[in-house]
Amino acid sequence: MTLKVTGFTSAAAAYKIVNDADSDENAETDVLGTSGSIYSVEITNSAGVNTSYVKFKLTSGAVTPGTTEPDMMLICGPSTSETYHFPAGLKFNQLSFWTTRNPETADTTAPNGTVINILCS
């Protein structure tokens, strides 16, 4: 398993960093076990030819890649990094995510070399 969750506290609030060193078509489901807010998502795609589509399920319920309609999708082109910021915090009931090579909900094609870091509370 390549998923790690690390917590830290600042003067403002308690935060967690979710790191998936090899995000793929298998869902990481309810990774925090609680509701919260996303403040930023950093995606690094080392694949030289494939785009990575990171799909998020932010509402409660079962997650089945290829069937579950994502609540949000973030894109990272080949051999690049993208950072998405949500300064006011993007609320979630359950934080689940998976990554595929294509944007369609039905896609379950494994990406190559996608690293994800999520800052949340």
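This is a predicted model: local features need pLDDT of at least 70, side-chain atom pairs count only at pLDDT 80 or more; totals for chains, interfaces and linings use all residues.
Strand S3, which spans residues 36-45, is mostly covered, with seven of its ten residues buried. Two strands pair with S3. Strand S6 (residues 80-92) runs antiparallel to S3 and is joined to it by nine bridges. Within this pairing, Ser40 has His85 of S6 as its bridge partner. Strand S8 (residues 114-120) also pairs with S3 in the antiparallel sense, here over seven bridges.

The contact between strand S4 (residues 52-57) and S5 consists of five bridges, and the two strands run antiparallel. In this pair, Val54 lies opposite Leu74 of S5.

The largest nonpolar core comprises 20 residues. Those with the most contacts inside this core are Val18, Ile38, Val41, Phe56, Leu95, Phe97 and Ile118. At least two core residues are supplied by each of S3, S4, S5, S6 and S8. The surroundings of Val41 were examined with its neighbours within four places in sequence left aside. On that basis, Val41 is in contact with Phe56, Leu74, Ile116 and Ile118, among others. The contacts of Val41 also include Glu82, Thr83, Tyr84, Phe86 and Asn117.

Several loop residues were also considered. Asn50 is located in the loop between S3 and S4. With a relative accessibility of 17%, Asn50 counts as buried, because this value is under the 20% limit. When neighbours within four places in sequence are left aside, Asn50 is in contact with Asn45, Gly77, Pro78, Arg101 and Asn112. Asp30 is found in the loop between strand S2 (14-20) and S3. The phi angle of Asp30 is near 45°, a positive value in a residue other than glycine. Asp30 has a relative accessibility of 30% and thus counts as partly exposed. A positive phi, near 55°, is likewise found for Ser79, a residue other than glycine. Ser79 is placed in the loop between strand S5 (72-76) and S6.

The cysteines were examined last. A disulfide is a covalent bond between the sulfur atoms of two cysteines. With a cut-off of 2.5 Å between cysteine sulfur atoms, the count comes to zero disulfides. Cys76 is in no disulfide, and the nearest cysteine sulfur, that of Cys120, is 19 Å away. Because a disulfide requires two sulfur atoms within 2.5 Å, a separation of 19 Å excludes this pair. For Cys120, in turn, the nearest cysteine sulfur is that of Cys76, and Cys120 is in no disulfide. Cys76 is buried, with a relative accessible area of 0%. Cys120 is buried as well, its relative accessible area being 0%.

How values were computed:
Residues are numbered from 1 along each chain as its sequence is written. Side-chain values use heavy atoms; hydrogens and water are left out. Buried means under 20% relative accessible area, exposed over 50%, partly exposed in between (1.4 Å probe, protein chains only). Helices (H or I, at least four residues) and strands (E, at least two) are DSSP runs, numbered from the N terminus. Two strands pair if DSSP finds at least two bridges between them. A nonpolar core is a set of buried Ala, Val, Leu, Ile, Met, Phe, Trp, Tyr and Cys residues joined through side-chain atoms within 4.5 Å. Contact means heavy atoms within 4.5 Å.
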